[in-house]
Amino acid sequence: FSRLKDGLSKSTSRLTEGITGIFTKKKLDDEALEELEELLIRADLGPVTAARLTAGLAKTRFGKEVSAEEVKDYLATELQKIVEPVAQPLVIDPSKKPHIILLVGVNGTGKTTTIGKLARQFRDEGKTVWLAAGDTFRAAAVAQLKVWGERTGCPVVSRDTGADAAGLAYDAVEQATKAGADVLLIDTAGRLQNKAGLMEELRKIVRVIKKLNPEAPHTTLLTLDATTGQNAHSQIEVFKDMVAINGLVLTKLDGSARGGVLVALAEKFKLPVHAIGVGEGVYDLRPFEARGFTRALVG
Ligand code: GDP
């Protein structure tokens, strides 16, 4: 949590200083409300949320003197209400054998690292975990996943660079099922510059997985890099057209001044946020916790 708090300090100071600047012994007037709304938009909360929060404040306090503390408390409470429904830990279904998790997302958003972190977490819980190096396009991605496999003691199913990713996913599901694994984490490619090709590849992966296990993938996680702010919105739109996303992981919240984007995503897409990345280390993945997050955000 302190890591998150430190990490979010950039987002926090932006909001806190802004609020303190606006509400120093000042009556809540139109000008203050406008400034607040602008500040919330700049904090990546999104125009809709910013307008709604500002209107909500005006409803009870317009014309009265309000302190920065009051405004922060109000915001923290309201933001918590927005993110609470999406703060859902990733639950592994022990009856699945394996519970199949597909990770998708643009290259560089943290798919492979998140797989390593999840593998560590599940291994520490005593689960058997298999990994599939489904980004067959990039040799570095395959090599990186193998390193995570060694570090966490998980078998890695891989093929040579350029091999068919769906074929690899098929092998991985077959082998992990035969081995009675608890969890299978499948990495995928994320080259958005070839959207049509990527869509075809991801859909094919899902199709072949379903051949072996019609209920799978049980979880399809989209990784989003928090430092890219509003880009996260379009990435969700793009990927949910390709595959059925049912959870998000927000990475790099440690280095970001844009933690507020999570609130906007929660309000707009209502997708569960299963975890947040707060560093490059193997233990730097946290369940997303609504109260801690919003308190850290508002300061
Ligand atoms: P992929 O291309 O989507 O598989 O992304 P990678 O897992 O290779 O991650 C890209 C870079 O982001 C790597 O240098 C990671 O160490 C880094 N990274 C991933 N998650 C986090 C995070 O939560 N915080 C920070 N600071 N860096 C991260």
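Modeller: Before we start, helices (H or I, at least four residues) and strands (E, at least two) are DSSP runs, numbered from the N terminus. This is a predicted model, in which local features need pLDDT of at least 70, side-chain atom pairs count only at pLDDT 80 or more, and totals for chains, interfaces and linings use all residues. Residues are numbered from 1 along each chain as its sequence is written, and side-chain values use heavy atoms, with hydrogens and water left out.

Colleague: Thanks! Where does P98 sit, then?

Modeller: P98 is in the loop between α5 (68-83) and β3 (99-104).

Colleague: What does UniProt place at residues 97-237?

Modeller: The unreviewed UniProt entry puts "domain: AAA+ ATPase" there. Positions from UniProt are in the numbering used here, feature names are shortened, and annotations may be inferred rather than shown by experiment. In the model, that span is 48% helix and 16% strand, and its end C-alpha atoms lie 31 Å apart.

Colleague: Switching topic: at what angle do α3 and α4 pack?

Modeller: About 150°, with the axes of α3 (residues 30-42) and α4 (residues 47-61) 9 Å apart. Axes here are lines fitted to C-alpha atoms, for helices over the stretch in contact, and angles run from 0 to 180 degrees between N-to-C directions.

Colleague: Which residues meet there?

Modeller: From α3, L33, L36, E37, L40 and I41 meet P47, A50, A51, L53, T54, L57 and A58 of α4; contact means heavy atoms within 4.5 Å.

Colleague: What about the loop between those two helices, where's D44?

Modeller: D44 is in that loop between α3 and α4. Its phi is near 70°, a positive value in a residue other than glycine.

Colleague: How many salt bridges does the structure hold?

Modeller: There are 19, counting a side-chain nitrogen of Lys or Arg within 4 Å of a carboxyl oxygen of Asp or Glu. One of them pairs R42 with E38 (3.5 Å, N to O). Both residues lie in α3, four residues apart, about one turn of the helix.

Colleague: Last one: what's the mean pLDDT?

Modeller: It's 92 for the protein, with 96% of residues at 70 or more; pLDDT is the predictor's confidence in each residue, from 0 to 100.
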